[in-house]
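I opened my notebook to look this structure up chain by chain. Here is what I wrote down, in the order I looked.

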Amino acid sequence: MTSTPVIDVDRLNLSYGDFHAVKDLSFQVGKGELYALLGTNGAGKTSTLEIVEGHRRAGSGTVRVFGRDPRDRRAVRPRTGIMLQESGFSPDLTVRESVRLIGVLSRREDRVARLLDVVDLTHKAGTRVSQLSGGEKRRLDFATAVYGRPELIFLDEPTTGLDIRSRDALWDAVDRLRADGSTVVLTTHYLEEAQQRADRIGLMHRGTLHREGTVAELTRALPATIRFSLPAVAPTPPPPAARRPDGGFLVETFALQRELRALLDWADARAVELRGLEAGPTRLDDVFRSLDGA
Amino acid sequence: MLVIARSELMQLFRNRLVLITSFLSPVAACVFFVSRHELFSDLGSVGYIAAVVLFTVAAFGVHASTVTTLASRRQTLFLKRLRSTPESDVGILSGLLLPLIGLALVQVTVILAVLSWVAGGPAHAPLLVVAVVATLVMMVGLGLATAGLTNSPEHAQVTTLPVSLGAVAVTNWVGLTGTAELTVLKRLLPGGAATELVLDAWNGGAGFSESLLLLAPTLAWVVVAVALAARFFRWEPRR
């Protein structure tokens, strides 16, 4: 990271009674980055996010956002947009009133109509929040978070409950904000979104940052896989192919292209059909699953 | 702060249940007392009616509404949402409570003005103003403290009862029996000293500076309430 980080977390700890929710956690997020903080349930990412957002006090360690204590709301919040995991709107206010209220309080300049257009809620502007669907509330939440194009945006499960069209629209809006230089911190259970969007990923497990890096860096540590099955009369393929409990075969390799070619050559030479052949690099899901064994 | 107050006022008028329980019900009770002012002034004094009016509005329009509003806004995570902005905690709370306090002030002013018109005005109007302000501040403080012990708006229907009913009961006790006996106890109970202050202000007979000493117990309750609120108040629902 070349410039001063937008977020700097150093040896962060947080306990709830005897339960150590966050243990010696350190990470940084640079300007313009999209950093995805992922983790298993109960990994401590919500606690971490709440501390970085300034909603919760750290047990020990230091957290700096724009070089300031994130609890210094007057200094940090005008530059920060927060999309909460849950609604947090007053049911008796309309969509327009909700965006205007949070927008005015954010001390940033923007037009309510523009934001409602971005999240496709213009036709619901006069509708009370209590009458919105779950997906519409998420879009309203996003609209308030990006009011005035903040420099730093926290997106906590932003696409939960959204249909595919709304998801695409949300990510298009995030892309535009990033093009303008905004930094984004994302938590999500949709790993493919993190894989596609994040510049770097922090994988939390049991309160610690278990792994961190780009998708390529994270997946490099795990082998790619080739999966196939054979007809009953076919000969046994050579190692490293190993039989799976379901009768198929699995090849785990760090040299996917070479192993795949060798396998295809072996099959051609014996005129064997490789049924259901699947070959692919390691996915973030595999990295995630590997946490369970950690 | 003012933008929060404006939105809160809109919500208040859109929620009929809150409007009826917090504002119309106390007004109806006060109208009853004022309309029967001859009967109640015979039982106590006109100052007693003024004290009952003040504490009825303060207990239900301010204390109970404060607790219900804060519990409700916390339950819907609206408080957390507001804390996601640069607005300070004091600004958020002031914005949320300003409409309640403002409406209570208007209610008390109008009802006491009507009482003055039909039964004669207060002997020391400035002292009455001090008593009204001190009472409302005390009930807001107790509301903040009670909100810390209240999990939901439904729970508020139970948690507000001790303070709301207690304060009204103390007002009736002090208003009807005076403070010649059990003086210290009556003055130390929440609302006791403030009731005596209203009686002095309306009925006269006590010196201005002597009466001002009665502010001390009321302000002490404010300090206690704020200390309790600082200890127990939560911005987010318990997990």
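**Chain B, overall**

I began with the radius of gyration (taken over C-alpha atoms, with a globule rule of 2.2 Å times the number of residues to the power 0.38). A compact globule of 239 residues would come out near 18 Å, and chain B agrees because its own value is 18 Å. I also noted that the C-alpha trace of chain B spans about 55 × 35 × 30 Å along its principal axes.

**Ground rules**

I am working with a predicted model, where local features need pLDDT of at least 70 and side-chain atom pairs count only at pLDDT 80 or more, while totals for chains, interfaces and linings use all residues. Residues are numbered from 1 along each chain as its sequence is written, and chains are lettered from A and ligands numbered from 1 in the order in which they are written.

**Chain B, inside**

How many helices and strands does chain B have? I found 13 helices and 0 strands, counting DSSP runs numbered from the N terminus (helices are H or I, at least four residues; strands are E, at least two). Next I checked burial, where a residue is buried if 20 or more other C-beta atoms lie within 10 Å of its own, with C-beta atoms placed from the backbone. In chain B, buried residues make up 50% of the 239 residues.

Then I turned to contacts (two residues whose C-beta atoms, placed from the backbone, lie within 7 Å). Of the contacts in chain B between residues at least 6 apart in sequence, 82% join residues at least 24 apart.

**Chain A**

For chain A I wrote down 10 helices and 13 strands. Its C-alpha trace spans about 70 × 45 × 40 Å along the principal axes. Chain A has 294 residues, and 39% of them count as buried. Among its contacts with a separation of 6 or more, 68% are between residues 24 or more positions apart.

I also looked at the UniProt record: an unreviewed entry lists "domain: ABC transporter" for residues 7-231 of chain A. Such annotations may be inferred rather than shown by experiment, and the positions follow the numbering used here. The end C-alpha atoms of residues 7-231 of chain A lie 55 Å apart, and the span is 32% helix and 29% strand.

**Where the chains meet**

Which parts of chain B touch chain A? I first saw that 17 residues of chain B are in contact with 22 residues of chain A. On the chain B side, helix H1 (2-14) and helix H5 (78-83) each supply at least two residues. H5(B) gives the largest share, 5 residues.

Conventions. Buried ≥ 20, exposed ≤ 12 C-beta atoms within 10 Å, placed from the backbone.
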